[in-house]
Amino acid sequence: MEFNLDKAYNYYIDLKNISEAARQHCADLGISYSEKYRHRLSRAINSGSFQESNQEEYVEDVYD
């Protein structure tokens, strides 16, 4: 299996740590952790590839 940024990002959401998220996803895949995976995830997060929805904006829109 291949390292999947979306799955790793889901770990990041739960763990709040890029390194731990990459390590956990690598463990799930049965592959050795490498800094290249942490870097890939970090670049994706910092570039805005993952847009977190702002629930407060949604709630405000519903009640306005």
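Which ring does the charged end of R23 sit over? I looked this up first, and the ring belongs to Y33, with the charged end of R23 4.6 Å from its centre. The rule I used asks for NZ of Lys or CZ of Arg within 6 Å of the ring centre and within 35 degrees of the ring normal.

**Ground rules**

I note that this is a predicted model, in which local features need pLDDT of at least 70 and side-chain atom pairs count only at pLDDT 80 or more, while totals for chains, interfaces and linings use all residues. Residues are numbered from 1 along each chain as its sequence is written, and side-chain values use heavy atoms, with hydrogens and water left out.

**Entry: salt bridges**

I searched for salt bridges, taking a side-chain nitrogen of Lys or Arg within 4 Å of a carboxyl oxygen of Asp or Glu. The count came to 2. Side chains of opposite charge can pair when their charged atoms come close.

R23 turned up again here, in a salt bridge with E20 at 3.1 Å, N to O. I found both R23 and E20 in helix α2 (residues 18-29), 3 residues apart, about one turn of the helix. For helices I took DSSP runs of H or I with at least four residues, and for strands runs of E with at least two, numbered from the N terminus. An α-helix has 3.6 residues a turn, so residues three or four places apart point the same way.

I then checked exposure, where buried means under 20% relative accessible area, exposed over 50% and partly exposed in between (1.4 Å probe, protein chains only). R23 is partly exposed at 36%, and E20 is partly exposed at 40%.

E35 forms a salt bridge with R38, with the closest N and O atoms 2.8 Å apart. E35 and R38 both lie in helix α3, 3 residues apart, again about one turn. I read 38% relative accessibility for E35, so E35 counts as partly exposed.

**Entry: aromatic pairs**

I searched the whole structure for aromatic pairs and got 3. Rings of Phe, Tyr and Trp (its six-membered ring) pair if their centres lie within 6.5 Å; planes under 30 degrees apart count as stacked, over 60 as edge-to-face and the rest as tilted.

F3 and Y37 form a stacked pair, 4.7 Å centre to centre with 25° between the planes. F3 lies in the segment before α1 (5-15) and Y37 in helix α3 (residues 35-46), so the pair ties together parts that are 34 residues apart in sequence. F3 is buried at 6% relative accessibility, and Y37 is buried at 12%.

I looked next at Y9 and F50, whose ring centres are 4.1 Å apart with the planes at 5°, so this pair is stacked. Y9 is in helix α1 and F50 in the loop between α3 and α4 (55-63), 41 residues apart, and the pair links distant parts of the chain. Y9 is buried at 9%, and F50 is buried at 17%. I also noted that Y9, Y12 and F50 form one aromatic cluster.

**Entry: helix α2**

Which residues of α2 are buried? I listed I18, A21, A22, H25, C26 and L29. Seen down the axis of α2, these buried residues fall within an arc of 130°, so they line one face of the helix. The arc is that of the directions from the helix axis to the C-beta atoms. The buried residues of α2 pack against α1 and α3, with contact meaning heavy atoms within 4.5 Å.

I also checked the length of α2. The helix has 12 residues and reaches 17 Å from its first C-alpha to its last, close to the 16 Å expected at 1.5 Å a residue. The expected span is 1.5 Å times one less than the number of residues.

I picked H25 from the buried list and read a relative accessible area of 2%. Not counting residues up to four places away in sequence, H25 touches E2, F3, N4, K7, A8 and Y11.

L5 lies in helix α1 and is partly exposed at 27% relative accessibility. L5 touches R40, L41, A44 and F50, not counting residues up to four places away in sequence. I noted that L5 and R40 are 35 residues apart in sequence and 7.9 Å apart in space, C-alpha to C-alpha.

Is K16 buried or exposed? K16 counts as exposed, at 63% relative accessibility. I found K16 in the loop between α1 and α2, with a positive phi of about 60° although it is not a glycine.
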